[in-house]
Structure formats: structure tokens, C-alpha cells
Amino acid sequence: MGGTVKRYDIVIVGGGMAGLSAALYGSWLGHRVLLLEREVIGGEIINADKIENFPGFPDGIQGADLVAQTELQAMKFGMESTYQEARAIRVSGENRLVQTNEEAYEAKAVIVAAGGAHRALGAKGEAEFEGKGVSHCATCDGAFFVEKPVAVVGGGDTALDEGLFLTQFASKVTIIHRRGRLRASETLQERARGNPKIDLLLDSVLEEITGKGCVEAIRVHDLKAQSSSLVAVAGVFTCVGFEPSTAFLKGLVELDAMGHVPVDLNMQTSVPGIYAVGYARKSSVGQLASAAGDGVTAAVAAHRYLSGLKS
Ligand code: NAP
């Protein structure tokens with residue numbers, strides 16, 4: 001790790017709700033905090049049209065608004081942030097050295113709030129048609145499909161949220177789920193079932209995406225009937241979950257088979273002074289409010305840890 005090393009009390013890796021909440025609390029508790037984000041501060045929720053289950057907003061709030069307000073609040077207490085990607089963390093006595101794609105930072109505590117990356121579906125044609133009709137962001141790409149039929153793959157909250165959002169544009173939204181039962185919340189299921197533009201294809205898998213230059217059709221296999229059929233669609237939104245972005249922690253902290261970080265009740269990993277929060281940690285319930293809570297827990301725990309180092 002070469003170059004000048006800047007020093008902070010707490011370095012936070014990842015600027016989603018978990019990381020921002022940790023940064024807000026860490027700064028509010030009087031620490032010098034740096035937040036590292038590789039893409040966009042806010043993470044997944046930046047594109048959320050309306051978040052209706054975050055406490056305190058009975059009429060819902062736009063993801064981008066919630067992010068902007070939380071970032072502002074953290075900055076008010078002194079949080080610094082920079083767009084860099086953490087590539088490795090090294091422990092040297094009481095110091096935790098975070099190497100990014102550009103610089104190295106020294107911290108007494110590190111909070112990993114790295115979230116996850118979209119899981120690929122693995123269907124034939126998925127990679128070939130990425131950006132040519134295949135997407136995983138309805139807010140970003142939905143408007144390309146005005147009065148056109150689209151498919152959404154997945155049975156979780158994201159698939160139903162995205163599917164419902166797409167009904168504003170598309171002529172028809174076919175939600176394809178591999179099991180007979182959806183994983184999404186009852187509220188979203190009821191809304192989807194009550195929307196005349198939504199068709200639910202359960203016990204079905206998307207086998208192939210086809211077209212000439214851009215998506216024109218998909219081949220769907222009905223697992224019960226053991227038969228396949230072609231469905232004409234102009235777009236395919238894959239919403240089949242996330243993989244934790246924790247590869248850079250391999251060999252440093254314990255990871256489970258899926259790459260999630262096991263933590264104790266203080267969000268501490270197997271290494272003292274290194275915490276993991278939000279989707280990156282094992283057994284997260286994956287909600288925005290729980291991510292915020294994780295961040296707060298880790299920041300308070302880091303505060304106590306840092307106080308112990310000082311005494
Ligand atoms: P998720 O809950 O993990 O659901 C992923 C879905 O994709 C599941 O239905 C899964 O099927 C399916 N799937 C996974 N791999 C697949 C494959 N290879 N082929 C076909 N289908 C596959 O992910 P998510 O929906 O993105 O949600 C992530 C977290 O964010 C959750 O905790 C969720 O509650 C939260 N979230 C909340 C909201 C909200 O509150 N409004 C909105 C979005 C997300 P199985 O069901 O068969 O496993």
C-alpha cells in the first residue's frame with residue numbers, strides 16, 4: 001500500500017442506507033468519518049420511485065429524497081465521502097488499512113456496508129441482450145417500453161415492485177416466478193394480483209431470450225405442464241436477488257458459503273474493529289429500516305471500541 005495515507009477514526013465501505021446511517025451516527029458521535037462509495041451514494045434505493053415502509057413517512061418517500069436528506073444530515077455532522085472502491089483491508093495492530101482503487105486510508109475501525117450486486121438469472125441470451133431490452137432497473141429503463149409488453153423475472157419484493165412500476169408504461173407485464181408461491185410481501189402480492197396489466201406465470205422459468213438486435217421474445221418453460229412456449233416481449237427485467245459484494249474481504253474476516261459476513265449482535269465480524277452491516281452481513285432481513293438500524297448499531301459499537309482504544 002503506497003502513497004500518503006490519510007487517517008480517519010472510522011472508514012465506511014459503501015454508501016447505501018446502512019453505510020449512510022453508520023456515517024451519520026459515527027460523525028454525530030464525534031468521530032472523523034470517511035464514507036467510500038464506488039458507484040452512487042444511496043445504492044439500490046436511489047431509483048426507488050416510492051418507499052412506503054420506512055418509518056416516519058406515512059405517505060411514502062422517493063428513494064432519491066431519502067438518500068439526499070440522510071447524506072445532508074451526515075455531512076452536517078462532518079462526514080466526508082469520496083467515490084472510490086475498497087479493494088482490500090489489512091490489519092496492522094490497532095490500525096485497519098483500507099486500500100481503494102486510488103488511495104490508502106488508515107482507520108481505527110471499518111464498517112463494511114458494501115451491499116450486493118444483482119444476481120444474474122443465467123438464462124440463454126441474458127448477457128447478449130443486456131442493455132438491448134434486458135434490464136434490472138424499471139425506474140431507469142421503464143420509459144423505453146411505452147405500450148409494449150415486458151416480462152419481469154423473480155418472485156420477491158423487487159420483482160413485484162418493479163412489475164407494478166412498469167405498468168405505468170408497458171401494455172402488459174408478465175411476472176415469471178419459478179415456484180408456485182411468491183416470496184414478496186402480501187401487500188405487494190395483493191396489488192399485483194389486482195392490477196389488470198399484470199399476468200403472473202408461476203411454476204415457470206425463463207429459458208431463453210431471443211430477438212434480432214434487441215429483445216423480441218422469450219421462451220418460458222412451464223414446470224408443471226413440462227412444456228415451453230414463446231411469449232412476445234420487448235423487455236425483460238431480471239429481479240432475482242443479490243450477491244453480497246464482499247469478495248475483497250476474503251482471507252480477512254470469516255464469510256459464509258454465500259459470501260455474507262457473520263457478525264455478532266454489535267455487527268462485529270470475526271476481526272475486532274471491523275463491522276459488517278446491511279445486505280453484506282449474514283442473516284440481514286434485507287429491509288431499508290433494518291439496514292439503517294445495522295449502521296447505527298455498528299457506529300455505536302465502533303464508538304465504544306474506539307473509546308476503549310483511547311483509555
Ligand atoms: P429476494 O427476496 O432474494 O427474491 C429473489 C427472487 O428471485 C425470489 O423469488 C427467488 O425465487 C428468485 N430467484 C433467485 N434466483 C433465481 C434464478 N436463478 N432463477 C429464477 N428465479 C430466481 O430478492 P429481492 O426481491 O431483490 O429482495 C431483496 C431484499 O430487499 C428482500 O429482503 C426484500 O424484502 C427487500 N425489498 C423490499 C422492498 C419493499 O419493502 N418494498 C422492495 C424491494 C426489495 P425463490 O422465491 O424461489 O427463492
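I started with Leu-35, which is found in strand β2. Helices (H or I, at least four residues) and strands (E, at least two) are DSSP runs, numbered from the N terminus. The model is predicted: local features need pLDDT of at least 70, side-chain atom pairs count only at pLDDT 80 or more, and totals for chains, interfaces and linings use all residues. Residues are numbered from 1 along each chain as its sequence is written, and side-chain values use heavy atoms, with hydrogens and water left out.

**Entry 1: Leu-35**

Is Leu-35 buried or exposed? I found a relative accessible area of 0%, so Leu-35 is buried. Buried means under 20% relative accessible area, exposed over 50%, and partly exposed in between (1.4 Å probe, protein chains only). Next I listed what Leu-35 touches, not counting residues up to four places away in sequence. The list includes Ile-12, Leu-20, Ala-23, Ile-41 and Met-79. Contact means heavy atoms within 4.5 Å. I also checked a distance. Leu-35 and Asp-222 are 187 residues apart along the chain, and their C-alpha atoms are separated by 46 Å.

**Entry 2: the nonpolar cores**

I looked up the largest nonpolar core, which has 33 residues. A nonpolar core is a set of buried Ala, Val, Leu, Ile, Met, Phe, Trp, Tyr and Cys residues joined through side-chain atoms within 4.5 Å. Which members touch the most other members? They are Ile-10, Ile-12, Leu-66, Ile-111 and Tyr-275. Elements giving two or more residues to this core are β1 (5-13), α1 (17-28), β2 (33-37), α2 (63-76), β6 (104-112) and α6 (288-310). α6 gives the most, with eight residues. There is also a second, separate core of 21 residues, and it includes Ala-138, Phe-145, Ala-170 and Phe-237.

I then took Ile-12 on its own. Leaving aside neighbours within four places in sequence, Ile-12 has contacts that include Gly-19, Ala-22, Val-33, Leu-35 and Ile-111.

**Entry 3: α1 against α6**

The axes of α1 and α6 come within 7 Å and cross at roughly 35°. Axes are lines fitted to C-alpha atoms, for helices over the stretch in contact, and angles run from 0 to 180 degrees between N-to-C directions. The crossing is right-handed. A crossing is right-handed if the near helix is turned clockwise from the far one by less than a right angle, and left-handed if anticlockwise. On the α1 side I noted Met-17, Ala-18, Ser-21, Ala-22, Tyr-25 and Gly-26. An α-helix has 3.6 residues a turn, so residues three or four places apart point the same way. On the α6 side, the residues include Leu-288, Ala-292, Gly-295 and Ala-299. By class, this contact of α1 with α6 has ten nonpolar, three polar and no charged residues. Ala, Val, Leu, Ile, Met, Phe, Trp, Tyr, Cys and Pro count as nonpolar, Asp, Glu, Lys and Arg as charged, and the others, Gly among them, as polar.

**Entry 4: α4 against α5**

Helix α4 (residues 157-166) and helix α5 (residues 186-193) pack at about 35°, with axes 10 Å apart. Their crossing is left-handed. Asp-157, Leu-160, Asp-161 and Leu-164 in α4 meet Leu-188, Gln-189, Arg-191 and Ala-192 in α5. The residues of this contact divide into four nonpolar, one polar and three charged.

How many residues of α4 are buried? I found seven of ten. Their cover includes α3 (138-141), β9 (149-153), β10 (172-176), α5, β11 (198-201) and β15 (235-238).

**Entry 5: two glutamates**

Glu-106 is in strand β6. Glu-106 is buried, with a relative accessible area of 14%. The Glu-106 side chain makes a polar contact with the side chain of Arg-7 (2.8 Å). A polar contact is a pair of N or O atoms within 3.5 Å; within protein, one must be able to donate a hydrogen and the other to accept it, and residues adjacent in sequence count only if both atoms are side-chain atoms.

Glu-44 lies in the loop between β2 and α2. Glu-44 is partly exposed, at 45% relative accessible area. Its side chain makes a polar contact with that of His-118 (3.1 Å).

**Entry 6: positive phi**

Gln-226 has a positive phi of about 55° although it is not a glycine. Gln-226 is exposed, at 56%. Met-267, also not a glycine, has a positive phi near 70°. Met-267 is buried, at 8%.
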